[in-house]
Each structure stands twice: as C-alpha cells, then as structure tokens.
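Hi,

Here's the structure I said I'd pass along.

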Amino acid sequence: MTNKRSEQIAAHRPRYQDELAHGLDRFFDPERATCPWCTSARLRRRLRTTNHPQRKPGNFVLDQCRNCGHVFQNPRLSADGLDFYYRDCYDGLGEATMARMAASPLAVKLYRARARALLPFGRPARWLDVGTGHGHFCAEARRIHPRTEFHGLDWGEGVEIGVRNGRIARAYRGSFAGLAGQLTSQYDVVSMYHYLEHTLAPRQELAAAHTALRRGGHLLIEVPDPQSAAARLLGRWWGPWLQPQHLHLIPLDNLCGALTEQGFTVVAINRREPHIPTDLTSAAVNVLNCVLPGEDLPWLPRKPGPVSRWVRRLSLLAAAPALLVLFGMDILLAPLTRRTRLSNAYRVIARRD
C-alpha cells in the first residue's frame, strides 16, 4: 500500500468510525410490505447477503415479488445509507480501482458494442449518458459516432473528471429526475447503462428520459437480468446482485411495460450481446473477500496487524492462478452463455413517440 493511500485511509477513519458508533439502523428505511413495482403483497425472500466488494458493515436483503418478479432491496437504503455506502466506492478511495476497470480491454469492448447498437437507428447529434461515471463509455462511443456531442450526468465528482479529461463535452451533476426539466427535448439519445438498478424510483428515471429526448429520439438501457439462470446457480455470490448499491433488479417484461406506459415504443431487445463474461470470476472474488482477513480500510473496526496483512497477501497470491483460470472460462464460455438463460444482462432500445 502506498504512503499516499495510507494517509488517505488514516484521514477518512475518524469520520467512518464516528458514523458507525451510532449504529446502522439509520442507514435503512422501514421495511416494505408490498412490491414497489406492482404493489402486490405477495413477497418472498430472495437472498440475504453482505457488502462483498468494500466489506462495509451491514446485512442486505433482496425480496422478490411473486406477482411480477421484481427484485428489490428491502429494507432499502436511506439517504444516509446511500451516502455511507456509495462514499469511496466509485470516487475517493475507490476511484483508482474503478478507473482501471473502466479502461480494461473487456470494458472497452462492451462500450463499443453498446455504441454500435444504435447504428441501425441513425447518427445522433447530441447524446446524454446518464450514470456516466468518469465518461469512459462516451470516449469510446465517440469513435463509433464521431459527429455526436456527448454529455454526461451522474451524482459523483467523476462526471466532472470526465469533462476535465475530455471524455464528455458537458457534465450535469445531480439527480436526473431533478434536472430533466432543464433538459427538455435537448437530446437525440439518452443512455442508461447499468444505471436503473441503482436508482430509488426507476419509473421516474424513465419519465425523465422521455422529457429530455426529442420526439423520435431513442432511449438505450442495459441492466442486470434477475431472471438469469446464473443468479440461481451462484446464489448470493452472483456479482450483479452488488449489494447494497443495486436497489432494483427489473425483469425484462416489467421494463418493457413501463416504457410503453411512459410513451415509448420498444424497437429492439437483446439478451445476448449485453452479457458481461465475469460471473465465475466475480463470484470467486466475492468469496475471497468474505474469507480473507480484511485490508486496511477506514470503515473496518481496526487496522490489520502484520500477520493478517501477510496472510492476505499470500492467500491472494495463491488464489491468483485459480482466478485467471476462472476468467479464462468466463471468456471461453461466453459465446455459449450468451445463447442461453445464463446471460446476466439485457438491453432494450425504445423510441420516444
């Protein structure tokens, strides 16, 4: 660990420890008795899990509606909980890790496929990427659509980093639903790539997209597929559950129905290309994060001692070959996986009527 990172962790520790001293109850809203998608009271417990990637404390429950199949976090994170669990995940201490992942060859391949998906529907003049992070998708999409002006919207400071690094031409920071009124009919395309599952009210996000789009404009959405067979096979270790960041996991039919209600026409559905071939690898990493001693992180109760640090390093070194094998299997099996219900994501393209 570099001295700079150690200093950052030490600087963050007092705030995190003070927050945790007051308990976790305030990080959650009251538990729901009905489905937030269809209001049915026919619910079942889908799984109970922890925060695998960051190891921040807390247990998280996903319930599923027996009526419509919607999967949702219950109880859901409160405003304080969203602040606590998102902090240092995509920005701050987590920024360097996320930047490496966003610039990886696999990510670049996915970005370009997403951009090419719009080619049958024309060349847009202006494109808004919602949940853009640091704008890496926009930088790659501009290679496919060189005459398009890309704007980005997100909650975190990453969207401003995207402007400074030249990946996007304009940044909006805040809530899409709150900002949509300022963006009325300004865009030919709005994209939401692995964004809706993070939002408090997905239908409001679809309404915001309808507002921001010009007539005849297109909305592109990719989300994890809760109906994936991989979700059942891998259980709580399935990467796309991503607790506690993912609040809603929406079945395809539910999303298509909501788009129609909002004034869209669904023009394309794809369950093959959006598959992200990391299921085996991410499940193994989640297991490792649970069983290995913790690293030095400001939200953990104490700094690891030298023995714990060496155990962790040696264990990661020993596990590296197995992780490489699993990643190779993910890549090799991807062509077959994409053609089955093991595919872990889907894409919908809808036209604003």
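Predicted model: local features only at pLDDT ≥ 70, side-chain atom pairs only at ≥ 80, totals over all residues.

Contacts involve 21 residues of domain 1 and 23 residues of domain 2. Together the two domains bury about 1,900 Å², with 58% of that on carbon and sulfur atoms. On the domain 1 side, the residues that lose the most area to domain 2 are Trp37, Arg46 and Arg76, which together make up 32% of what that side buries.

What holds for charge pairs and polar contacts here? There are 0 salt bridges between domain 1 and domain 2, while 10 residue pairs are in polar contact, both residues being at pLDDT 80 or more. The strands β1 (43-50), β2 (59-65) and β3 (71-73) each give at least two residues to the side of domain 1 that touches domain 2. β1 has the largest share of that side, with 5 residues.

**A buried proline**

Pro244 sits in the loop between α9 (229-234) and β9 (248-249). Is Pro244 buried or exposed? Its relative accessibility is 0%, so Pro244 counts as buried. Beyond its neighbours within four places in sequence, Pro244 is in contact with Asn51, Phe60, Gln73, Leu77 and Tyr85. Pro244 and His52 are 192 residues apart in sequence, yet their C-alpha atoms are 9.2 Å apart in space.

**Helix packing**

Tyr85 also turns up in α2 (residues 79-86), where Gly81, Leu82, Phe84 and Tyr85 are buried. The buried residues of α2 pack against α1 (3-21) and β2. After α2 comes Asp88, with a positive phi near 65 degrees.

In α10 (residues 252-261), the buried residues are Leu252, Asn254, Leu255, Cys256, Ala258 and Leu259. These pack against α8 (202-212), β8 (213-224), β10 (264-270) and β11 (345-352). Gly263 follows α10 and has a positive phi, near 100 degrees.

For α5 (residues 136-144), His136, Phe137, Cys138, Glu140, Ala141 and Ile144 are buried. Their packing partners are α3 (95-102), α4 (105-116), β4 (126-130), β5 (149-154) and β7 (187-193).

**Salt bridges**

The whole structure has 19 salt bridges. One of them joins the side chains of Arg13 and Asp296, at 2.5 Å from N to O. Arg13 is in helix α1 and Asp296 in the loop between α11 (279-291) and α12 (306-337), so this pair ties together parts that are 283 residues apart in sequence. Arg13 counts as buried at 17% relative accessibility, and Asp296 counts as buried at 11%.

Asp80 and Arg26 form another salt bridge, with 3.7 Å between the closest N and O atoms. Asp80 lies in helix α2 and Arg26 in the loop between α1 and β1, so the pair connects parts that are 54 residues apart in sequence. Asp80 is partly exposed at 40% relative accessibility, and Arg26 is partly exposed at 33%.

Arg76 comes back here too: its side chain meets that of Asp29 in a salt bridge (3.6 Å, N to O). Finally, Arg15, Glu19, Asp83 and Arg87 are linked in a network of salt bridges.

Cheers

Notes. Residues numbered from 1 in each chain as written. Heavy atoms only, no water. Contact = heavy atoms within 4.5 Å. Buried area = accessible area lost by both parts, 1.4 Å probe. Salt bridge = Lys/Arg side-chain N within 4 Å of Asp/Glu carboxyl O. Polar contact = N/O pair within 3.5 Å; in protein donor to acceptor, adjacent residues only side chain to side chain. Helix = DSSP H or I, 4+ residues; strand = E, 2+ residues; numbered from the N terminus. Buried < 20%, exposed > 50% of the residue type's maximum accessible area, 1.4 Å probe, protein only.
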